[in-house]
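Trainee: I would like to learn how to read contacts, domains and sheets in a model. Please take the features one at a time.

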Amino acid sequence: MLSRNDNELLTRVGPGTPMGNLMREYWTPLMHSVDLPERDGPPVRVRILCENLIAFRDSSGNVGLMANACPHRGASMFFGRNEEDGLRCVYHGWKFDVSGQCTDMPNEPAESNFRHKIRLQSYPCREVNGIIWTYMGSRPTPPPFPEHGFGMVDEAHRGQLKYVRECNWMQALEGDIDTAHLGFLHVSFSPRQPGPTRTGPIPDFTSDKAPTLHVVNTDIGVMYGARRNRAEGDYYWRVSQFLMPIYTSIPGFGGRQSCKIWVPIDDENTLVWEPNWSMRAPLTPDQLKGWINRVPPSGFLPDTTDWNGRFRFVAREANDFHLDRERQRTVNFTGFEESNPIQDGGIQVTMGHIFDRTKEHMGTTDATIIQVRKRLLEAAKALRDEGITPPGVDMPELYHLHGCEMNLPEGANWTEACKDMIAEMA
Amino acid sequence: MLTRDDNELLCRVGPGTPMGQMMREYWVPAMLSIELPEADGAPVRVRLMGEDLICFRTTSGQPGLVANACPHRGASMFFGRNEEDGLRCVYHGWKFDVSGTCTDMPNEPAESNFKHKIQLRAYPCAERNGIIWTYMGTRQDPPGLPAFEWNMDAEHQPFLWMNYRECNWLQAIEGGIDTSHVNFLHRTIDEKLRSTAVNSGPSPRQQNDLFLYGRRDSSPALEVVDTDYGVMYTGRRSVDEKTDYHRIHPFIFPFHNMIGGGTVDDEVNYIGMVWTPVDDDNTLVLEYGYRPGKAWAQAELEGLMRVRNPTGFLPATSQAGSRWRFKANKTNDYLVNRDLQKDKLFFGVQGNPAQDGAVQESMGPIYDRGKEHLGTADAMIIRVRRRLLEAVKAYRDHGTLPPGVDNPDMYAIRPVGAVLPKGADWVQATEERRKAWYGATAKA
């Protein structure tokens, strides 16, 4: 349970909010390179952290991310002409480069120096291995670039799946550090479409539905091990990471690692990234689209140019996420489509777009969620009250952490075992 | 840049607001006569300055404009029976004439005098040459109708139409007094398209003026002059070493402007707009085009319509102003075509009004003028805001009537274009040409 104040502090991410300021200290993934393919191509509306922005790729291939409103009289830069290394407002021809500097003001006298005084608000971008990142914080020089496993590999080694969840980022993220729901929400009554043969431990979420949680802080977040009893007498350990401020990593398998990024579009919408990756081998075309069963059979809505017009599933709040009561009786536990993101979305969105956490009742299997909230709240308050840089901003090398799973005997040290596995995968 | 207070003062026009009250001192266009074709025809929803109203034409052909809500228990008069010189509420049969007087109250005893105490709020209307004007102010006797040349000649009807803009009236009219955007927003890159319906100007001759003179100089020098009717300015563009091309356009209280004056009077299509606030967030733009003493052929009118609105209107509904909504609108990014944008049209949206609407609506319903950065090309906008602020504050604080209310002949003016020697006195040089033929100052 959270107080109303802490819930507001945790969930609101607009400009000037404590959590919004915290997130702006970090590099944030904005879009995939393929989302902005062409030099001098059409600008794209992007909403991120409650800000309406325009992204474009200039003639030299640089990515620009700027305010929607032209500083002259507020016309939208979405309609702008993307030409000759800059975006030109169609109203009076003012032109801006990717740094936001006004480079041409053709409706003012040639001798005027007015244009040197005008800037369009813009955010620095970096494009690395097929992902465009942006820094929306206040430092003149952005912090060092985080060394996420998924960001260090070529795009052929990484899944491309992204989708919108119509709820606050935190309640979406909480679903990924909540191992106990695996024994319920995602249970199918018969095996799903078979995936690739798994190596390593085979998780069984149904024979022990009440895992024991062991939660520890890391330098950049929270790690937990969930211990489940096995018929063989030992334990199945499932270790997941939360990395500040919006990353989670559950165990991967088949030589691939798993990560999710919970990028706030605004307080009530989240863009979920699933950049699952393999250090060792390129992914197959199917794997590039996402792990098996991640995209529901009903698929995606057609894209629009609107602020929140892309990466939207057909199954959504407006149609009860395609809930089918017959399917609930015979096929799976929920009656939603056989797709975890739809099942997760179905229950997270319907909590209300920002869940009122004064009304919840937490049990022992919510220990990770409690700890992650605490880390985030502490960090946001430390930044707000004392200007303390939040964990990880200046520690790029720590982002190599990821989830892993293993079978261990009674008394074995799960944190050491996990460390060894991560070192081995690197 | 404006303070938040001044921005609010300028933009808000609902009942009781200073600007709303000041605008109500003037006659304003409620609708076109063609929107209310039949005596005893279906009533039509109208929304003006934040008020929901119902317009109807009586048995004897008179237009009436009344409040939407029946004074009895608030049922909408839109559903009313328009019969025998009055509008009858369908709920209990109360009937009202165009003055709002209750003429029948059949659900009360015949001997009751209750109906004599009941009024439906009604605004006087005056129909002149295709326009139904209304006066929403407080005077018992409304002032005279403004003597706009475009509305004075019954024999030669102007090209007359409206378009619905989803933004505040002020940011819309600011586009009408902003000459420098013409070189950008409305620019045709591919000259072959210049005279086609894709993106052409008001008339071949004026287009020629713009092309010959206007396009060469994209940073016009603005000179602004206060007048009795409002503000006049020239946008001066250099033609060659000796001459300048002037576009001399007025802003007229409270929400009129004129544009497109050509350099050769006989070939001119005079154009103007009336930016009537629907409410704080929406504007109905009445647009007219006329050639004094000349009529438009039907084919010409159709051609003008194609040029002004190439993509057409949405199907009309019974909602206020719905017949004037463009197919190219906010929900579809105004059908912007990025291929056309590359090398044919500077913007890629077709038709000047849709181009204007796109950028103005993209500022948000009421633009926060605390965020703008105005340059020398915005001098006219700055002055017009100042005049409006002065007038509304004088009206609010001292009851001073704003310019023109009691001087209807003042409106008999024209916009002009002129090529003049550099350094010429453009005000004096164009004095005669800026007078209208019709109205009190009719050409002798």
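**Reading the model**

Mentor: Start with B:Val46, which touches B:Ala30, B:Met31, B:Leu53, B:Ile54, B:Cys55, B:Leu65 and B:Ala320, leaving aside residues up to four places away in sequence. Contact here means that the C-beta atoms of two residues, placed from the backbone, lie within 7 Å. This is a predicted model, in which local features need pLDDT of at least 70 and side-chain atom pairs count only at pLDDT 80 or more, while totals for chains, interfaces and linings use all residues. Residues are numbered from 1 along each chain as its sequence is written, and chains are lettered from A and ligands numbered from 1 in the order in which they are written.

Trainee: How many residues does the largest nonpolar core have?

Mentor: A nonpolar core is a set of buried Ala, Val, Leu, Ile, Met, Phe, Trp, Tyr and Cys residues joined through C-beta atoms within 7 Å. A residue is buried if 20 or more other C-beta atoms lie within 10 Å of its own, exposed if 12 or fewer, and partly exposed in between. Here the largest such core has 212 residues, and B:Val46 is among those with the most contacts inside it, together with A:Ala55, B:Ala30, B:Cys55 and B:Val66.

Trainee: Into which domains is chain B divided?

Mentor: Domain bounds come from an automatic or database domain assignment. For chain B they give domain 1 (27-135) and domain 2 (149-429). Their contact takes 13 residues from domain 1 of chain B and 18 residues from domain 2 of chain B. Helices (H or I, at least four residues) and strands (E, at least two) are DSSP runs, numbered from the N terminus. On the domain 1 side of this contact in chain B, β1 (27-32) and β2 (44-48) each supply at least two residues, and β2(B) gives the most, with 4 residues. That side divides into 7 nonpolar, 3 polar and 3 charged residues. The classes are Ala, Val, Leu, Ile, Met, Phe, Trp, Tyr, Cys and Pro as nonpolar, Asp, Glu, Lys and Arg as charged, and the others, Gly among them, as polar.

Trainee: What does the domain assignment of chain A give?

Mentor: Chain A has domain 1 (27-135) and domain 2 (154-425). The contact takes 11 residues from domain 1 of chain A and 14 residues from domain 2 of chain A. Again β1 (27-32) and β2 (44-48), now of chain A, each supply at least two residues of the domain 1 side. By class, that side has 4 nonpolar, 5 polar and 2 charged residues.

Trainee: How many residues of chain B are in contact with chain A?

Mentor: 24 residues of chain B touch 23 residues of chain A. On the chain B side, α6 (338-343) and α7 (352-361) are the elements that give two or more residues. The side comprises 10 nonpolar, 10 polar and 4 charged residues.

Trainee: Is α7(B) mostly covered or exposed?

Mentor: α7(B) is mostly covered, with 10 of its 10 residues buried. Among them are B:Asn352, B:Asp356 and B:Glu361. The buried residues of α7(B) pack against β12 (159-165), α3 (169-176) and α5 (298-308) of chain B.

Trainee: What order do the strands take in an open sheet of chain A?

Mentor: Strands of a sheet pair through backbone hydrogen bonds, either parallel or antiparallel. The rule applied is that two strands pair if DSSP finds at least two bridges between them. One open sheet of 3 strands in chain A has the order β2-β3-β4, with antiparallel pairing. Its edge strands are β2 and β4 (63-67) of chain A, each pairing on one side only. Strand β3 (residues 51-57) of chain A is joined to β4(A) by 5 bridges, and A:Ile54 has A:Met66 in β4(A) as its bridge partner.
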